[in-house]
Amino acid sequence: MTAQWNHPSTPRSTAALIASCLALVGASHAMPPAAFAAPALGPAQAKSPVAGLPVGDAQLPEKRTVRTVAPGVTHLRIVRGDKTATPARINRTTAGPWQVNVVLIDPKRSKLKLRSTYGTTLMAPDTVSNIAIWAVARVAMNGSFFNAGGPAGFKGDPVGLAVTAGSVISEQTGTAAEQNVIFDARTGAVTMGRLRWKAYVENTKTGKRRTLAGVNRLPRVPTACLPPAPTDPARGPAPTDPRDAQGCSSAPGELVRFAPGFSTRTPSGPGAEAVYGPDGCLMRVARTRGTKLTAAQFSIQGTGGRADQIIRDATSGCVKLDETVLDEDGDRVGLTSSSYGLSGRYRLVRDGSLIQTRGTTGLIGRSPRSLMGRTSDGRVALVTIDGRRVTSVGATLTETARIARGLGLVDAVNLDGGGSTTLVIDRKVVNRPSGASQRPVSDAVILG
């Protein structure tokens, strides 16, 4: 079922627009007027909604189409502004056009579950369409920022905190711009903010606890542990064991945990690696890094002095992992098997208040956008804004925040955008990615 209207060229009242939406989603779960109609001006400003997104010039023509994807799930498409812009005016026009797609999910009504996932392995980026097929998802949108410019074999590494089925698969960067989204597939509850992961590996026999520096990423190798280049005649051939290099054992290193979904093999290089079974008991240990893991195994890699710790700790007992995610107040965020999370950059809306981030370049200037947010009554929105086209100019971070609040979102985070911005519904790409084809991405938020 589809409802469609135009604004302001078609003389329909705001009440009629809302009634069209309510006819789709069901009167027993009526959406607040701000959800699909007007700018929500904040929790303390309960003004009557005005049809139209708060972006660009006032009274621009706007066309809206709403359809039901599944019970409790609706897809809204908005086209606002002029039919086209000139290429020279994409970054400065106030007349648009803007093409916005919104999937609104009511966890109380939908039998579909919101999760995040990645492709065949975490380090192998894949298109949103392929991820949707693998996950048997009705809806899929690109998610976390990721290391697209990284070394071969590691380009899918999420840049920031990410969680899959209650397990942390990537730690926070610590940068001020990072904003995280944790959501529960069972209840639909959403937590946003600058979250942080801390973790330890504890020997069950000795009680010794070692701090983990990261998860599913390349561990830092101290310079003293790197073998000299064999082509350097002044230094001679490389030692057969790089850990024999002077000062390696006393150099600060790192402990990094690896899950079986990381890649086909864990990273190779100087250091040590211990592989554990599902009970946390040692299966094997090696004085080098790089191995294959089965679905029931995990490993801990160590570099520098941490490599010696791995060898010593492997001689007795099993290990257990103690991992915690903390919110901005330092309180523990409970993770269960239904917990999932993504990593974004910049908060757009917080507790109904607009967050303005000014600028014209990089992540701040006009670009295609993907964002995730929630309404005051607990519904979750997945939003894309097409950009870098004469048919949709994209949005600055401030424009994106205004659009998010205009859609009735009281909390929202900016996710990876640009060429990554892709929204798939029932195996069809419903937006227009800015590149010639879909960009392979690290992970996606899915509904299925």
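**Sheet, cores and a helix**

Modeller: Strand 15 (residues 272-276) pairs with strand 17 (residues 298-302) in the antiparallel sense, over five bridges. Bear in mind that this is a predicted model.

Colleague: Which residue does Y276 stand opposite in strand 17?
Modeller: Y276 faces F298 there.

Colleague: What is the strand order in the open sheet of five strands?
Modeller: The order is 13-14-17-15-16, and the pairing is mixed.

Colleague: And which strands stand at the edges?
Modeller: Strand 13 (214-215) and strand 16 (282-286). Each has a single partner strand, so one side of each is left without a neighbour in the sheet.

Colleague: New topic. Which residues touch the most other members of the largest nonpolar core?
Modeller: V100, L371 and L407, out of 29 residues in that core. Several elements each supply at least two of its residues, including strand 3 (73-80), strand 4 (98-105) and helix 4 (397-406). Apart from this core lies another, of 25 residues, with M192 and Y340 among them.

Colleague: Back to V100. What is V100 in contact with, leaving aside neighbours within four places in sequence?
Modeller: Its contacts include L53, L76, I78, V383 and I403. R77 and T384 are among them too.

Colleague: Now helix 2 (residues 128-135). Which of its residues are buried?
Modeller: V128, S129, I131, A132 and A135. Seen down the helix 2 axis, they fall within an arc of 165°, so they line one face of the helix.

Colleague: What do those buried residues pack against?
Modeller: Five strands are named here: strand 5 (114-118), strand 6 (139-142), strand 25 (423-425), strand 26 (428-429) and strand 27 (443-447).

Colleague: What comes just after helix 2?
Modeller: V136, with a positive phi of about 55°.

Methods. Residues numbered from 1 in each chain as written. Predicted model: local features only at pLDDT ≥ 70, side-chain atom pairs only at ≥ 80, totals over all residues. Heavy atoms only, no water. Pairing = 2+ DSSP bridges. Helix = DSSP H or I, 4+ residues; strand = E, 2+ residues; numbered from the N terminus. Core = buried A, V, L, I, M, F, W, Y, C linked by side-chain atoms within 4.5 Å. Buried < 20%, exposed > 50% of the residue type's maximum accessible area, 1.4 Å probe, protein only. Contact = heavy atoms within 4.5 Å. Arc of directions from axis to C-beta.
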